[in-house]
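This note sets out points for a colleague who is reading the model alongside the sequence. Each point may be checked against the coordinates.

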Amino acid sequence: MDLDVFMAAHGAEWDRLDELLRRRRRLSGAETDELVVLYQRTSTQLSQIQSSSPDPVLVNRLTTLVARARATVVGTRKATWRDAAHFFTAGFPAALYRTRRWWVPVAVLFTLAVAGIGWWIAANPAVQSSLAAPEALREMTRPGGQYETYYSSSPAAAFSAQVWTNNAQVAGMSLAFGALLGIPVLWVLFQNALNVATGVGLMASVDRLDVFLGLILPHGLLELTAVFVAAGVGLRLGWTVLDPGPRRRLTALAEEGRAAIGMALGLAVVLLISGLIEGFVTPSGLPTWARIAIGVAAEAAFLAYVFVLGKRAAEAGETGDMAEADRPAEVPVAA
């Protein structure tokens with residue numbers, strides 16, 4: 001494409017579109033129709049320049065012009081409480097259901113890794129001694145030791161807030177690192193698996209695994225599920241970089257990235273619930289069976305949310321992406 005010739009041929013149209021946008025509140029009916037036609041033409045011309053002769057100055061000018069025109073033609077819409085309700089009753093559960101083939105295998109592999117590493121630590125005193133000095137190990141695993149007092153080390157509200165912030169950061173890192181081909185996500189998962197497996201192995205080595213599970217299961221089921229979802233979505237985003245499918249790579253990344261941002265918001269609420277359980281239920285004086293029952297109930301409710309409500313929403317066409325009217329305009333790409 002000869003860029004100078006292209007600009008000479010269409011420059012007058014771009015100037016006219018800019019003029020109409022500057023006085024959009026005083027347009028006649030014919031001028032409004034003209035603005036719509038010029039917006040459509042300029043959108044197509046922008047895509048032609050991007051695919052053939054991506055001059056950065058011209059692309060920036062036309063991108064701004066098209067964005068202004070779209071805002072005028074389509075209009076803007078403010079988010080409402082109805083949007084939030086729709087997200088949590090349709091968009092978020094649908095996104096969870098759509099990504100299940102990524103985070104369910106992550107959950108299975110994580111559990112197997114924790115079991116394997118935990119057994120290895122419990123069965124090998126040499127490994128245990130490499131983790132800490134014998135006195136430190138006894139302090140961690142004894143009745144009333146560090147593993148038991150950790151959950152009551154701070155006031156419940158402050159502890160819940162601290163846990164929620166930490167877990168939200170872990171989930172956010174997993175989602176954000178997905179764009180880096182998902183490789184850092186695997187490291188985050190491994191670090192979390194190693195931490196859990198160390199507790200399992202050390203407490204099992206002194207025949208107190210039941211105490212450890214009674215402390216971690218009430219909140220850990222829901223908390224780890226949220227981490228699995230974040231990791232699965234991050235890995236899916238990384239795979240999109242490698243294989244965008246029939247979509248353009250940038251389009252695919254934009255769609256999956258917007259869905260991932262929505263997932264981060266939804267998972268923040270899930271982690272808030274698990275943080276409240278960890279702060280108020282785990283260190284409570286309830287019997288172990290009651291505390292575990294609360295954790296199992298929370299996990300069961302989440303899974304029903306995904307596989308019942310989410311499946312229904314996905315089958316109705318929900319994807320977890322923003323509403324079509326709110327998405328950036330897609331324009332034809334020149335071959």
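Predicted model: local features only at pLDDT ≥ 70, side-chain atom pairs only at ≥ 80, totals over all residues.

The numbered points below go from the whole chain to single elements and residues.

1. The overall make-up of the chain is helical. The protein chain contains 13 helices and zero strands. Read from the N terminus, its elements run α-α-α-α-α-α-α-α-α-α-α-α-α.

2. Burial and surface may be taken together. Of the 335 residues in the protein chain, buried residues account for 40%. The accessible surface of the chain is about 17900 Å², and carbon and sulfur atoms contribute 64% of that area.

3. Contacts in sequence terms deserve a separate remark. When contacts between residues at least 6 apart in sequence are considered, 75% of them join residues at least 24 apart.

4. The record may be set beside the model. In an unreviewed entry, the UniProt annotation "transmembrane region" covers residues 102-122, 170-190, 211-239, 259-277 and 289-308. What does the model show over residues 102-122? The chain there is 100% helix and 0% strand, with the end C-alpha atoms 30 Å apart.

5. The pairing of H10 with H11 can be described in some detail. Two packed helices are described by the angle between their axes and by the distance between those axes. The axes of H10 and H11 come within 11 Å and cross at roughly 170 degrees. An angle over 145 degrees counts as roughly antiparallel, and H10 and H11 are therefore roughly antiparallel to each other. On the H10 side, the contact is made by Val 185, Leu 186, Leu 189, Val 196, Gly 199, Val 200, Met 203 and Ala 204. On the H11 side, it is made by Leu 209, Val 211, Phe 212, Ile 216, Val 227, Ala 231, Gly 234 and Leu 235. By class, this contact has 14 nonpolar, two polar and no charged residues.

6. Val 206 is located in the loop between helix H10 (183-205) and helix H11 (209-242). Val 206 counts as partly exposed because its relative accessibility is 37%. Val 206 and Thr 141 are 65 residues apart in sequence, yet their C-alpha atoms are 7.4 Å apart in space. Asp 207 also lies in the loop between H10 and H11. Is Asp 207 buried or exposed? With 70% relative accessibility, Asp 207 counts as exposed.

7. Not counting residues up to four places away in sequence, Arg 142 touches Glu 148 and Arg 208. The C-alpha atoms of Arg 142 and Met 203 are separated by 8.8 Å, while the two residues are 61 residues apart along the chain. Met 203 is also among the H10 residues that make the contact with H11.

8. Gly 232 is found in helix H11, and at 0% relative accessibility it counts as buried. Leaving aside neighbours within four places in sequence, Gly 232 is in contact with Trp 102, Trp 103 and Val 106. The C-alpha atoms of Gly 232 and Arg 100 are separated by 8.0 Å, although these residues are 132 residues apart along the chain.

9. Which residues does Glu 13 touch, not counting residues up to four places away in sequence? Glu 13, which lies in helix H1 (residues 3-22), touches Leu 38, Arg 41 and Gln 45. Glu 13 and Arg 41 are 28 residues apart in sequence and 8.8 Å apart in space, C-alpha to C-alpha.

Notes:
Residues numbered from 1 in each chain as written. Heavy atoms only, no water. Helix = DSSP H or I, 4+ residues; strand = E, 2+ residues; numbered from the N terminus. Buried < 20%, exposed > 50% of the residue type's maximum accessible area, 1.4 Å probe, protein only. Contact = heavy atoms within 4.5 Å. Areas by Shrake-Rupley, 256 points an atom, 1.4 Å probe, with all protein chains shown as cover. Axes fitted to C-alpha atoms, helices over the stretch in contact; angles between N-to-C directions. Parallel < 35°, antiparallel > 145°, perpendicular 65-115°, else oblique. Nonpolar A, V, L, I, M, F, W, Y, C, P; charged D, E, K, R; others polar. UniProt positions renumbered as here; feature names shortened; annotations may be inferred.
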